[in-house]
Amino acid sequence: MQQVSKPPARWPWLAVAVVVGAAGWWLLRPATPGQQAPATAETATPEGVLPPPAAAGSDAPGIQHPLEPLPEAADEAIPALADSDAFVFGELEALAGDPSVLGLLIREHLVQRLVVMVDNLTEPRVQTSVLALRSPAGQYEVVEGEGAAVADLQANTARYAPYVAAFTGADPQRLANTYRRLYPLFQQAYAEIGGPDAYFNDRLVQVIDHLLQAPPPPPAAALVRDERGRWRYVDPALESASVGHKALMRLSAEQQAAVKQQLRALRRALARP
């Protein structure tokens, strides 16, 4: 059988990124537009610096998973959302054991892009223009035979290995603490697309729960090219899966299990029991 290459794929992963460290965006390139676009700093962000996050009390209306600020961050100011790109990227560099994995990040409007990507992981499609990540090196490999094509598991497992290792090897409490410190930025960006009552940490927990429900990688699932030359699952149930589920389905079984274990640890750090 002849090996052929699929167009570069993306996995929205660093979208759960400051929190989820790296969990998925690099593995999947979405194909059709979604509904949302990132807020722009020029139109969405006030001037000045953001104050430390206010504690969301247990009686806050509608909030399921209030996020308490870090005690040591009480006197620490973070930049305004419009000026936060370099600051947030620096925080990610401090967290990353392998700085090369951050080469995929698009630094402009980084927080806004991460928020929009997280919000769209439960959707069947997401607009590529809102993604915070570029494609990883190489291409998604398939093996094409007579009338059918399947993923080249060995080649793709190796391709995703550095990003899976970066995510699963990170200390979940340290990731959660960085997210809590930067939370005012994420909350402001989410309120701009979801309204003043939208609470980003609740949405993040919902998305983590959704990712944890991803089915195991389908063995030898048949692929077919669509009218634009892109690979699609032949099985309608697989093809209709969400962006987040497809991302995890493209990993090996071992990689997916490791990612889910880290997601559970992050959920424990960010959500109420």
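Mentor: A pocket is an open set of grid points with protein on both sides within 12 Å along at least five of seven lines, and lining residues have an atom within 4 Å of a point. The model considered here is predicted.

Trainee: Which residues lie nearest the centre of the second largest pocket?

Mentor: Ala151, Leu153, Pro218, Pro219 and Ala220 lie nearest the centre, among 18 lining residues. Two elements, β5 (149-151) and α5 (153-168), each give two or more residues to this lining. The space in the second largest pocket is about 250 Å³. By class, 14 of its lining residues are nonpolar, two are polar and two are charged.

Trainee: How does β5 pair with β4, in the parallel or the antiparallel sense?

Mentor: In a regular strand, side chains alternate between the two faces of the sheet. Here β4 and β5 pair in the antiparallel sense, over three bridges. Glutamate 144 is placed opposite alanine 149 of β5. The two strands form a hairpin with four residues between them, and glycine 147 in the turn has a positive phi of about 80°. In β4 (residues 140-144), four of the five residues are buried.

Trainee: Where does the charged end of arginine 250 sit?

Mentor: The charged end of arginine 250 sits over the ring of tyrosine 140, 5.1 Å from its centre. Arginine 107 lies over the face of phenylalanine 89, at 3.7 Å from the ring centre.

Trainee: How many aromatic pairs are there?

Mentor: A pair of aromatic rings is described by the distance of the centres and the angle of the planes. The count for this model is seven aromatic pairs. One aromatic cluster is formed by Tyr179, Tyr183, Phe186, Tyr190, Tyr199 and Phe200.

Note on methods: Residues numbered from 1 in each chain as written. Predicted model: local features only at pLDDT ≥ 70, side-chain atom pairs only at ≥ 80, totals over all residues. Heavy atoms only, no water. 1 Å grid on protein atoms, 1.4 Å probe; cavity = no way out; pocket = protein on both sides within 12 Å on 5 of 7 lines; lining within 4 Å. Points joined across faces, edges and corners; volume = space filled by probe spheres on them. Nonpolar A, V, L, I, M, F, W, Y, C, P; charged D, E, K, R; others polar. Phe/Tyr/Trp six-rings, centres within 6.5 Å; stacked < 30°, edge-to-face > 60°. Lys NZ or Arg CZ within 6 Å of the ring centre and 35° of its normal. Buried < 20%, exposed > 50% of the residue type's maximum accessible area, 1.4 Å probe, protein only. Pairing = 2+ DSSP bridges.
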